[in-house]
Amino acid sequence: MAELTETQAYTGKRGVTGLWSNQKFQRGLITAVATFLCILGVVVIMFPVAWMISTSLKTEAAALQFPPQWIPKPAVWHNYWVALTSNPFGIYFKNSMLYAITVMVLQTLSSALAAYGFAKLRAPGKNLIFLFVLATLMLPYEVTLIPQYVMFAKMGWLDSYKPLIIPQIFGASYSIFLLRQFMRGIPRDYEEAALIDGASYFSIWWRIILPLSMPALGAVAIITFMWHYNNFMGPLLYINSRLLYPVQLGLQQFQAPHGGTEYNLLMAASLVTILPPVIVFYFAQRFFIQGIVISGVKG
Amino acid sequence: MNGVWSRRMTRRDALKAMALGAAALAYSACGAGGGGSASGKIRLVWMVRNDPVENPWERDVVIPQFEKRNPNISIELLSINQDDIAVKRQAMLAAKEPLHVWSPNWGGDGFGSDRVRGLLQNLSPLMRRSHFDTGRFIPGLLDIYSANGNQYGIPQLTVGSYTIYNKKLFDESGVDYPPTDWDDESWTWEKFIETARKLTKNYGSVDKGQYGATVSVIDNDLESPPRIWGQNDVWPKDAFKTGFATHVTCTDERSVASYQAFHDIVFKEKVAPSPAIVSALANLGGTMPSGKVAMEIQGGWDLWVLKGQISDPNGFCIGIAPIPFGAPGAKLRSVTFTDPWSITNGLSERYLDASWKLVEFLVSPEQARIYMEKTGTPPAQKELLPDYYKIFEKCMKPEDMKTTFEGAFTHGRESSNHLIVKWDELNQIWSNNFDPFFSGASSRAADMLQTVEFQTSNKLQEIRAEWKPAQA
Amino acid sequence: MAVRILPKGRLSRREALWFWLFISPWVFGYVVFTLGPTLGALYLSFTHYDVINPPRWVGLQNYGILFHDFVFWQSLKVSAIYTALSVPLGIVFSLFIAILLNQKVPFLGVFRTLFFLPSVIPFVAATLLFIWILNPAFGIIDFFIRAFVGPNGLIPLGIDGPQWFQDPFWVIPAFTLISLWGFGSSMLIYLSALQGVPTALYEAATIDGAGYWKRFWHVTLPMISPVLLFTFITGIIGSFQTFTQAWVVNGGTGSPAYASMFYVLYLFVNAFRNFAIGTAAAQAWILFIVILVLTILALWVSRRYVYYESEEGGAF
């Protein structure tokens, strides 16, 4: 608590007068500067996206033209139709969603369980086990790829989502670590009170810890979703049938050797596939990030 | 396509799974080969590369027609990015997952490595048994994929390297087209540069620049520039047959001259775009497709990549010409690229027979024709060639096309990429030396090649020591 | 700090039991799905294994090969420099944006979504976009450099933009730029951490007359320090494991002059191109040790700087 007591001991220089020390002015200025920077940032971010859009609207010949044009003439909206009907993207999308959402829900929950254990409960050897959790992140997955594939082949799990989903639902080190860091910020007092009332640790986790961890759970859930939605190597190895493809394997269908890749179609399809997660994020972030102001820690 | 997997044991209890998980590796070492059940339908796994042009042929033509003709065989198509095939195939092989028909040159490390690893089935007995007609292939092609008298692959497509040119740019500048005959000795390197100079405009300007020519080490094959200067002994004589070598020779006068010329064309002659511009064009889809380069010495895959340009009203006509003589008497100037079908070694007889049926079907004159027409890739079979030339009729007279196209086979050799064992490790050395050399204005070929020769020879000896015994 | 009023002994044994119950799903998943392949990878690092033929025991030979392989040392160097560059920059950059998006900016939801957008773009597509953006001839960055200080620019200093992926010096900064593009997840983490800072603390500090900076240094930073530690450690782990971007850009060659031969790229090439699975496994375990040491070091140092509300969490 050293840092905080310092803060509380801090006494401001109230002698300074004028506009700069005016709280209202300060707040207004910060908002104005922040808004400006936000707009600037969006402009920068939008450059690559604009490029994607521009490429997606070009004919194949125009996409190869040099120097490249920013505004394609004519704009070939038909590309979107071609890109999305040349492959069963509806099915790919359904597959991706089922896969990513299942993992998101179950992994976030199981990670929250373990995170609570590591953050709040005392047990001999806990530090060592936690180091073990971290250690699983440290070995590059490329090296367990073949042994793992062999294992799932022996189990008869190939060409299904089992090897992509089932190992994931018991918790992920990354999420456990992140949630643990958050949960350690929750004051102990709540649990003490509940314990005295005879509540079990499980109900403390469910009734107190989870609601207080909402913003963190939201972040973990979104990150988990994105990771699996964008996962490429896993499906590449484990999925064979075309009708089981997730979106990321579907996008690969536009690639070709010797510069034959159809960039215009690739970009059109990519843009469409990033839309759903973006829309979901737009609504989810209100719930997760802004929602906690109500449920948030009241100190 | 879903049903075929249902034969697998899909449900095991968790305990068994757990035990298996820990013991999986031990299994992998001595796992059961072959794959598939003893009775019922045969399920063949056919691995191809992702390609929006090729895939419809495989999916919509080959599979339905083949399955109709062979009702007891079903085909599962695995279509994977060429760059990612290596990972998938290694994993499948480690797990002894069924994989039957594929091309060693699509992804992975190429034919040479796969043959030496014992991965490829000897097809000769099958060919004898079914009286396979070898006479219909372009002479010499089958030989590329044979070793010690055994055939390990059947060619599906082949193409040489050429001076590919943009006819529109030639017409605009009123420059004569290059010759068509590979033995026309007037087509010298000097003539090539001179032609390029007439076609170069606004050199160095990012948006208005037009370039007379561009050259690069074709497919990064170390030997390709020296060949143009008549140096055919970069590799020891038997290297392409055995897949191994103890050294390369590239510090001789002709090799140095060739690399220096490839460098000078940018920095001294200033008729070729700088590496930055080349990568700029390549990032968009290719140097020739951009329409900003008049001539390019390159593998002939532009023939099918650029096929669309011919019919595009804003496009341009392409032509192919021989690669110029760097030095008089340099005969073998072309690098050829031939992709074969192969069958995994060690299959059970039923699966081997079925796989051979598929390969025979794929290279049957009928399918080879459909493949050629659908994809625009050049066929490996003689009798299809006249029809292939007709595709380019609008731009080149078929007889001229014939002279140049076929001349590449009599005046060239297969790429080392397909034949030298562990070529990728050598490629890594070459890339890392070529890139700084070609982008440095003052770099000297002699210095670069010295390093390359030393490093490559060392690596070759390492590879030989590691892999040669395994061949027995 | 809450005073412990509950009796020890039976209760602490019960607590330990609950601890094991809580982490049991993870333990189960680890034992069933990860332990086997991990041990397998360890075993392979002592073998010669080409996938076709059974692994052959060679002892420490793979480790010896690496020790004498200059590309191996180069790859370690490349990844270390990249980590040293991209991790701190990434933290500062995403924290800055998170703070921006924590202000009372109009259309906040829209801005947050737009800033999150880059992380949604698939990795391969994003890398392709950056190859275009950083293109020396028509890329937007070099275009601006040329326009301002190029030979015909506003201030004609004759400075040309970097050659990025073609230049051994600029290739790592180029990859760092790509890594910054993926700031979305850390931004999200900081954003939720910032939301968790009790407003009462700010109010108290404001009453005490603390300005914006003081509040940031003495309230915000300490309160989100556990999460900063998280992004620092996972950032190190992640950047040492960089692979996909490099694979898309140079196809595994590490060109030019091995300047972009990332550690895991070389590992991947060894495993899947050179059939040297044993050597690749040895590389993985060496990296494991390197990261483990760095992590323990970070955790140990962090004990002085990271503030935790409850002390039961453990030693770090």
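Modeller: Quick ground rules: it's a predicted model, where local features need pLDDT of at least 70, side-chain atom pairs count only at pLDDT 80 or more, and totals for chains, interfaces and linings use all residues. Residues are numbered from 1 along each chain as its sequence is written, while chains are lettered from A and ligands numbered from 1 in the order in which they are written.

Biologist: What makes Asn81(B) count as buried?

Modeller: A residue is buried if 20 or more other C-beta atoms, placed from the backbone, lie within 10 Å of its own, exposed if 12 or fewer, and partly exposed in between. Asn81(B) has 23 such neighbours inside 10 Å, so it counts as buried.

Biologist: Where does Asn81(B) lie, and which residues does Asn81(B) touch?

Modeller: Asn81(B) lies in the loop between strand S2 (73-80) and helix H3 (85-94) of chain B. Helices (H or I, at least four residues) and strands (E, at least two) are DSSP runs, numbered from the N terminus. Contact is when two C-beta atoms, placed from the backbone, lie within 7 Å. Leaving out residues up to four places away in sequence, Asn81(B) touches Gln252(A), Gln255(A) and Asn50(B).

Biologist: What makes S8(B) and S9(B) a pair?

Modeller: The cut-off is at least two bridges, and S8(B) and strand S9 (residues 293-299) of chain B have 4, in the parallel sense. They therefore pair by that rule. Val215(B), for one, stands opposite Ile297(B) in S9(B).

Biologist: Which residues touch the most other members of the largest nonpolar core?

Modeller: Such a core is a set of buried Ala, Val, Leu, Ile, Met, Phe, Trp, Tyr and Cys residues joined through C-beta atoms within 7 Å. Of its 308 residues, those touching the most other members are Tyr149(A), Ala213(B), Ala294(B), Leu265(C), Ile277(C) and Ala284(C). Helix H5 (residues 89-120) of chain A gives the largest share, 13 residues.

Biologist: And which residues is Ala213(B) in contact with?

Modeller: Setting aside neighbours within four places in sequence, they include Phe192(B), Ala196(B), Ala294(B) and Met295(B).
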